[in-house]
Every structure is written in C-alpha cells, then in structure tokens.
Amino acid sequence: MPTAPASTPSAHSLRAAMVDRTVAKRAMLDMPPLSAPEEQALRTVPRELFLPGLELTDVYAEQAVVTKRDQERGVALSSVSAPAIIATMLHRADIRPGHRILEIGSGGYNAALIRELTGAGGDVTSIDIDPEVVDRAGRFLDHAGYRDVHVAAADGEHGFARRAPYDRILVTAGAWDVPPAWRDQLAPGGRMVVPMRIRGLTRCLTLERAAEGHWSCVAVDMCGFVRMQGAGEHWEPMPYLNDEPDRRVGLRLEDGPSADVAALRRALAREPDTVWSGVLVQAEEPTDDQDLWIATAADEWALLTADREAIRSGLVTPTWALGTPTLLNADGTGFAYRTLRRHPTREGRWEFGAIGHGPQARATAERLCDLMAAWDRDLRGRPGPEITLHPVSKPDHRLPAGRVIDKRSTRMVLNWTATTEEEKKEEL
C-alpha cells in the first residue's frame, strides 16, 4: 500500500512557527521580549501576500528575501527583511495606537505590521525612491486589506514633509547619515530607528533627541540592509587585493587610512604570519561589539571581504566573508585581519587570532590581537559604547570624549566605558 504524501504546511502554521522561533531566539540571546501587540502583529500579517511566487517555506524562513537586484553591479536594491530584525526594529520603535509613522524604504510587509500597531487612529506613510517598488508595495497592501497606508515615491533623504510631523521614523535601508529633514519632521518626544553605517559596519541605532539638541542612541542592534539610494547614497572605497573571478579579496576603507593598493596586492601574495590572541569564545557566541570596539579604537581600521572561493582555496581565512576587522600598517603597505580557529585543547572553545601580510606583518597582527585582548579584558559582556550624533557645525572642544566620525550633516561620537579595577575585584 503506497504511503500517503505528507501534507504541505499551511501559511498560518508556518507564520506561527516563524514567530515562535523569533520569540525563542530573543529569549536565548537575553533580548527584551516582544510586547503582546508586536507578537500579535507578526502572527496576523500574511507575509506571503508580500512575496508572491515564493514557496511558503522560503517566505517564512529566517533569512531576508531580495525582491529587486541590480544585475550589473550585483547588489540588492530592495528586500523584505528577516523576521528577527523586523521584530527588533518594531520593538525598538515602541509604536503605540494613534501614532503617526514614516517608513523610509518600502515593500509593504513592514508597513502592514506598523499599521497593525498604530490601529485605526494611527497614520502610516511608507516611501521609497523606486517607483516600481512603490507600485508593488501599494498593490500588495491593497490586496492584504491595508488600503489606508499611504505609499509614495520620494527620496528618503528628504523624508516626506507633506504628512509630517511623525511620532516615529523607521528607516529600512542602510543610511550613512541622519539628514536634517528627518530631524525636522520628527515630533517632539519622537523616536527614530535607523540602520547606520559606522566605519563600514552597520548597526541599527534607536535615536532620540536629547534636551541639549543632539541625538542620543538608546539601543544598538546588529542588522544588515540594502543601502540607501538617492541623495543619501554613500559608497566607501573598496580596492581589490585580488580580483580573479570568484576569488576576489577586497578592503573596505570607510573613514579609514590611506592605502598603497599595489603594495597591498603584493603583500597578499607573500607568506602570512599568524598570531593567536588567547581570546576564547563559544560557538555562535555574539561578539559583534568586538568589531565595533576595534573600529572605534584603531585609526588604521579597515574591513576585509572575500569571495567564497577565495576562502575555500585558503587564500584568506577571515571570520566573516562580508567584512572582517582588519588593520593596515602605518604606511599602508601591509595589513592583518582577524581569524578564528578551534582551540587545540579547550573543548567547545574557539580562539581569535590575526593573520598578517606584507612588511611588519607580525607587528600588525600583534597590534590587532592586543585590541581583541583589551576588549576581552575591559569591555566584554558590558554595555556597548555611548553613541551621540551632533550637528556638523559643533567644534571639537564642545564634543564629548570618544571616537569622532564626521559625516555630511552630523558628527558621531562613540565613547566606551571600560571595566574599572573596583568592578573587576567585585567580579572575583
């Protein structure tokens, strides 16, 4: 007798499983739980209506789904974000019934979730620079029953003044700066959630206006987003140290040192020098604040990227293909990047190290290991840096202490607080 085929999971059951995974993962990572309305919104909005043509298992998987791509450049232009980051941004925004919301970067799904949270008395505006994306989002929202969400084509750099002020602004594209329009269109006491580029890294910042007039960051979360297009678009220099097809190795040099690209290419071809730091981690233990610490502490900071084949062949062995912390030596002719190995004697532990290339390879690798050790000793397990954004006109002597990152409209300051000797004694 033939075996009956297994029944295909329904959209409802897959949606429930997606939310259950998201809730469980937040608890595992000791993140704040979603509110009842936030969880209910995720259980209510049919994500599949905003991703037609996909298998339901792909619609409700943990990954983001790219919905439009620039085939010539090979970069994503629009996507529906992963459920985990959508949940985080909604929670950080603290959306209440009756709120007026501006979403910058449209797709439809996130706007529908926001509409569930604002209720009938709220007002949701979703904009995107791409008319094709706007048209698609509008059609999907109508089909899903969210016909009162206002969708418009506009450059996100300028916000959408026609329907301002807003109680919340949610940016769902990677921004390099906070333009004046966002400040001007946010109501007093409002909050903004924005994925921000910080020396090549992307972090989701939850920002509020401080009494003194600057932006104060009240939360920092890991995220990844397609880049902002239009007037706010920003691309950092990224020379290739190896440009063979499928084996490319590049360096992102945002707010970083000058580099002798020809010398760096020669350096990559030389025998490397590896140094181990003694800093141990468990599998899947979050260490993203280590990246941000090195980016804050090191003038010679860069990010190494690599194609999969470059890693598989052993040309480089970074900790992450899309951007591994890297230091250049003083004259920009050599570099060292972070690596990771299973510890030879400690079961279940991995050890960070650094691989140096070119002149002063070992010294540069040791410098990177020293920074990882400082993070491990003084900052690991503590709150991340205090981040503030100040007007571009504010002079150095009026800024707080910390790493200053100058942008077009703002001056970002990152200030870390290390573990004091008294705290170390208490921990012992």
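This is a predicted model: local features need pLDDT of at least 70, side-chain atom pairs count only at pLDDT 80 or more; totals for chains, interfaces and linings use all residues.
Trainee: How many cavities of 30 Å³ or more does a search of the whole structure find?

Mentor: The search covers the whole structure and counts cavities of 30 Å³ or more. In the largest cavity there is about 360 Å³ of space. The number of cavities found by the search is three.

Trainee: Which strand gives the most residues to the lining of the largest cavity?

Mentor: The lining has 31 residues, and those closest to the centre of the cavity are Gly105, Ser106, Asp128, Thr172 and Ala173. At least two lining residues come from each of several elements, including helix 4 (83-93), strand 3 (100-104) and helix 5 (109-118). With four residues, the element that gives the most is strand 2.

Trainee: By class, how many residues in the lining of the largest cavity are charged?

Mentor: Sorting the lining of the largest cavity by class gives 15 nonpolar residues and eleven polar ones. The charged residues in this lining number five.

Trainee: Which methionines are in contact with tryptophan 182, leaving aside its neighbours within four places in sequence?

Mentor: Tryptophan 182 is among the residues with the most contacts inside the largest nonpolar core. Once the neighbours within four places in sequence are left aside, its contacts include Ile104, Glu157, Ile169 and Val194.

How values were computed
Residues are numbered from 1 along each chain as its sequence is written. Side-chain values use heavy atoms; hydrogens and water are left out. On a 1 Å grid over the protein atoms alone, a cavity is a set of points where a 1.4 Å probe fits but cannot get out, and a pocket is an open set with protein on both sides within 12 Å along at least five of seven lines; lining residues have an atom within 4 Å of a point. Grid points are joined across faces, edges and corners, and a volume is the space filled by probe spheres set on the points. Ala, Val, Leu, Ile, Met, Phe, Trp, Tyr, Cys and Pro count as nonpolar, Asp, Glu, Lys and Arg as charged, and the others, Gly among them, as polar. A nonpolar core is a set of buried Ala, Val, Leu, Ile, Met, Phe, Trp, Tyr and Cys residues joined through side-chain atoms within 4.5 Å. Buried means under 20% relative accessible area, exposed over 50%, partly exposed in between (1.4 Å probe, protein chains only). Contact means heavy atoms within 4.5 Å.
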